[in-house]
Amino acid sequence: MQNIADIRKDYQLQTLSEADVAADPIAQFGKWWDEAVKSDIDEVNAMTLATADKDGIPSARIVLLKEYDEKGFVFFTNYNSRKGEELLQNPYACLVFFWKELERQVRITGTTEKISMEESIAYFNKRPDGSKIGAWASPQSLAVAGKAWLKETFDYYRERFKHGEIPKPPHWGGYRVKPFKIEFWQGRPSRMHDRILYTSQNDSTWTIERLAP
């Protein structure tokens, strides 16, 4: 069995220079996003969402990016879940994309806000029926009686909504992460990685700095 400490990879696919990045981080993200999509990365929109409660105790999980623009990065969840409770107590969050096929990471730090109900309904209506029913059936993050209980609850809501449209549950919707820092990380040989950090300024511009690897 290989020793964990001996597992390593020397990154060398590409470089990242201050002279080559866009002036705006959303434009730079869009460039990297398009390249990631074209690279056929499996679940390219998967990202780590890190939150913390009022005591600063962190938690992290994988969620899916569903939209991004100059306003921020959007994901959907149960508002009563652990992440929802933590965001209620502490609105700061961090997102991390790791596209290993391109030897790249993007780290996004910002504040969060719920998107409008109209936006959440519009997205919910596009989901498959099974996912819609799951949003009703699962009291996300709470302890439950067992797998059989979850199946019974799912079956109950499937029967309840079998003759009509499945509405968005009141406890379900989207969050937008509004960034004030975005870091682009490109792997390089000998762990001398390229790290370019954008930081939001009061005049709506962004500073660009190189960070040591």
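**Fold, cores and hairpins of the predicted chain**

Aspartate 40 is exposed, with a relative accessible area of 68% (buried means under 20% relative accessible area, exposed over 50%, and partly exposed in between, for a 1.4 Å probe and protein chains only). The model is predicted, so local features need pLDDT of at least 70 and side-chain atom pairs count only at pLDDT 80 or more, while totals for chains, interfaces and linings use all residues. Residues are numbered from 1 along each chain as its sequence is written, and side-chain values use heavy atoms, with hydrogens and water left out.

Aspartate 40 lies in the loop between H1 and E1, where helices (H or I, at least four residues) and strands (E, at least two) are DSSP runs numbered from the N terminus. Its phi is near 55°, a positive value in a residue other than glycine. Most residues other than glycine have a negative phi. Glutamate 103, in the loop between E5 and E6, likewise has a positive phi near 55°. At 3% relative accessibility, glutamate 103 counts as buried, whereas aspartate 40 is exposed.

The secondary structure of the chain comes to five helices and nine strands. Along the sequence these elements follow the pattern α-β-β-β-β-α-β-β-α-α-α-β-β-β. The C-alpha atoms fill a box of roughly 55 × 55 × 40 Å, taken along the principal axes. Of the 213 residues, 41% count as buried. Among contacts (heavy atoms within 4.5 Å) between residues at least 6 apart in sequence, 64% join residues at least 24 apart.

The largest nonpolar core has 31 residues, of which Phe29, Trp99, Val106 and Ile108 touch the most other members. A nonpolar core is a set of buried Ala, Val, Leu, Ile, Met, Phe, Trp, Tyr and Cys residues joined through side-chain atoms within 4.5 Å. At least two residues of this core are supplied by each of helix H1 (25-38), strand E1 (46-52), strand E4 (72-78), strand E5 (92-99), strand E6 (104-114), strand E7 (172-186) and E8. H1 gives the most, with five residues. Apart from this core lies another, of 12 residues, among them Phe124, Ala135, Tyr157 and Ile166.

Leaving aside neighbours within four places in sequence, valine 106 is in contact with Phe29, Trp32, Leu95, Val96, Phe97, Trp99, Ile182, Glu183 and Phe184. Phenylalanine 184, in strand E7, is buried, with a relative accessible area of 0%. Not counting residues up to four places away in sequence, phenylalanine 184 touches Leu16, Pro25, Gln28, Phe29, Trp32, Gln105, Val106, Asp194, Arg195, Ile196 and Tyr198. The C-alpha atoms of phenylalanine 184 and tryptophan 33 are separated by 12 Å, although the two residues are 151 apart along the chain.

Two packed helices are described by the angle between their axes and the distance between the axes. Helix H4 (residues 129-137) and helix H5 (residues 147-160) pack at an angle of about 120°, with their axes 9 Å apart; axes are lines fitted to C-alpha atoms, for helices over the stretch in contact, and angles run from 0 to 180 degrees between N-to-C directions. The contact is made by Gly130, Ile133, Gly134, Trp136 and Ala137 of H4 and by Trp149, Thr153, Phe154, Tyr157 and Arg158 of H5.

Strands E1 and E2 pair in the antiparallel sense over seven bridges, pairing being assigned if DSSP finds at least two bridges between two strands. In E2, leucine 64 is the bridge partner of alanine 46. The two strands form a hairpin with five residues between them, and glycine 56 in the turn has a positive phi of about 85°. Strand E2 (residues 58-64) has a covered face, made up of Ser59, Arg61 and Val63, and an uncovered one, made up of Pro58, Ala60, Ile62 and Leu64. Threonine 48, in strand E1, counts as partly exposed at 26% relative accessibility. Beyond its neighbours within four places in sequence, threonine 48 is in contact with Ala60, Arg61, Ile62, Cys94, Leu95 and Val96.

A further hairpin is formed by E8 and E9, with five residues between them, and serine 204 in its turn has a positive phi of about 70°. Strand E8 (residues 194-200) and strand E9 (residues 206-210) pair in the antiparallel sense over five bridges. Serine 200 stands opposite tryptophan 206 in E9.
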